[in-house]
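The following paragraphs lead through a single protein model, from one residue to the overall form.

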Amino acid sequence: MSLQNLDLFVDNVGPVAFAQANSAFNKANSANVIAQGAYDKANSANVIAQGAYDKANSVVSSALAYAVALGM
């Protein structure tokens, strides 16, 4: 391959390869943003579930304390 042919190859393939790499990066970045959103939603659900568990646990503890106080 001559230097001129190599130069022509690089001039034509280089920008296409860069554009494809850039497109792949953008798609991966978009997937990361979507995945982060899903993680945030799941984390929010876990926080809400933990709050519900804590409330239920408090109610059970209070009921047990009340039962003990009544001598049950």
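Val 10 lies in helix 1, which covers residues 3-69; helices (H or I, at least four residues) and strands (E, at least two) are DSSP runs, numbered from the N terminus. This is a predicted model, in which local features need pLDDT of at least 70, side-chain atom pairs count only at pLDDT 80 or more, and totals for chains, interfaces and linings use all residues. Residues are numbered from 1 along each chain as its sequence is written, and side-chain values use heavy atoms, with hydrogens and water left out.

With a relative accessible area of 46%, Val 10 is partly exposed; buried means under 20%, exposed over 50%, and partly exposed in between (1.4 Å probe, protein chains only). Ala 42 is also placed in helix 1, and its relative accessibility of 41% makes it partly exposed. From Ala 42 to Ser 62 there are 20 residues in sequence and 30 Å in space, C-alpha to C-alpha.

Along the principal axes, the C-alpha atoms fill a box of roughly 100 × 15 × 10 Å. Of the 72 residues, 0% count as buried.
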